[in-house]
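Please find below a short note on the model under review.

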Amino acid sequence: MSELTQESQDSSRSRRFRLLVAALALAFAAIVLAACSGDDDLVTVEDPWADPTKPDSDTTAFYVTILNSSGDADRLISAFSPRCGRTELHQTTIQDDVMSMDPADPFDLTVNDGDQLVLEPGGLHVMCIGVSEPFAEGEEISLELTFAQHGVIRVQAPVEQR
């Protein structure tokens, strides 16, 4: 084999080796970045559930617990379910022995880092107005919660009488 051919082969091997090392370095960097940017699990929704629809009613409510370990405060800004004509973020209040539901104060929908926000009967909740088909106990209903910083989190909420 000629000296020129040998040099050409050595140069080609060296170039392939450098490309392989560069590809491996890029793959490693992508894995590290993916691990570090896992914001999807820094705000989590636990224990979602919905009330069954009462006879002759077209409203019901969703309840969840929101946990935040993102390092920053976040705020629940809206909710959506395809089974609701519209959804509203409500707060139940009692004044002079009269219970009412009013739009929730955005401040009350903020969940600080390391904290939780509980949407529960008699307090904050997602009101489902204009139920397209009654919520029956035992089924699961799709619910999307939109946060100011972390975007949309989708959950399946079992319908339960609690």
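**Notes on the predicted model**

1. W49 and Y63 are both buried, where buried means under 20% relative accessible area, exposed over 50% and partly exposed in between, with a 1.4 Å probe and protein chains only. The model is a predicted one, in which local features need pLDDT of at least 70 and side-chain atom pairs count only at pLDDT 80 or more, while totals for chains, interfaces and linings use all residues. Residues are numbered from 1 along each chain as its sequence is written, and side-chain values use heavy atoms, with hydrogens and water left out.

2. The structure holds 2 aromatic pairs. W49 and Y63 form one that is tilted, at 4.5 Å centre to centre and 35° between the planes. This pair links distant parts of the chain, with W49 in strand 1 and Y63 in strand 2, 14 residues apart. For the cut-offs, rings of Phe, Tyr and Trp (its six-membered ring) pair if their centres lie within 6.5 Å; planes under 30 degrees apart count as stacked, over 60 as edge-to-face and the rest as tilted.

3. Overall, the protein has 1 helix and 10 strands, and its pattern along the sequence is α-β-β-β-β-β-β-β-β-β-β. Helices (H or I, at least four residues) and strands (E, at least two) are DSSP runs, numbered from the N terminus. Of the 162 residues in the protein, 31% are buried. The protein exposes about 10,200 Å², and carbon and sulfur atoms supply 54% of it; the areas come from the Shrake-Rupley method with a 1.4 Å probe, and for residues only the protein chains shown count as cover. Among contacts (heavy atoms within 4.5 Å) with a separation of 6 or more, residues 24 or more positions apart account for 65%.

4. Strand 2 (residues 59-68) is mostly covered, with 8 of its 10 residues buried.

5. An open sheet of 4 strands has the order 6-3-9-10, with antiparallel pairing. Strand 6 (110-111) and strand 10 (151-158) stand at the edges, each with a single partner strand, so one side of each is left without a neighbour in the sheet. Strand 3 (residues 74-80) is joined to strand 6 by 2 bridges, and the two run antiparallel. In this pairing D74 stands opposite V111 of strand 6.

6. How many disulfides does a search of the whole structure find? The search finds 1, a disulfide being a pair of cysteine sulfur atoms within 2.5 Å. C84 and C128 form it, with their sulfur atoms 2.0 Å apart. The torsion about the S-S bond is about -115°, so the disulfide is left-handed. The pair links distant parts of the chain, C84 lying in strand 4 and C128 in strand 8, 44 residues apart. C84 counts as buried because its relative accessibility is 8%; C128 is buried as well, with a relative accessible area of 0%.

7. H90 lies in strand 4 (residues 84-95) and counts as buried at 8% relative accessibility. A polar contact of 2.7 Å joins the side chains of H90 and E88. A polar contact is a pair of N or O atoms within 3.5 Å; within protein, one must be able to donate a hydrogen and the other to accept it, and residues adjacent in sequence count only if both atoms are side-chain atoms. Leaving aside neighbours within four places in sequence, the contacts of H90 are M101, D102, P103, A104, G123, L124, H125 and M127.

8. Two backbone angles may be checked. Most residues other than glycine have a negative phi. D47, in strand 1, has a positive phi near 50° and counts as partly exposed at 43% relative accessibility. D96 has a positive phi of about 55° although it is not a glycine. D96 is found in the loop between strand 4 and strand 5 (98-103), and is exposed, with a relative accessible area of 69%.

Notes: Pairing = 2+ DSSP bridges.
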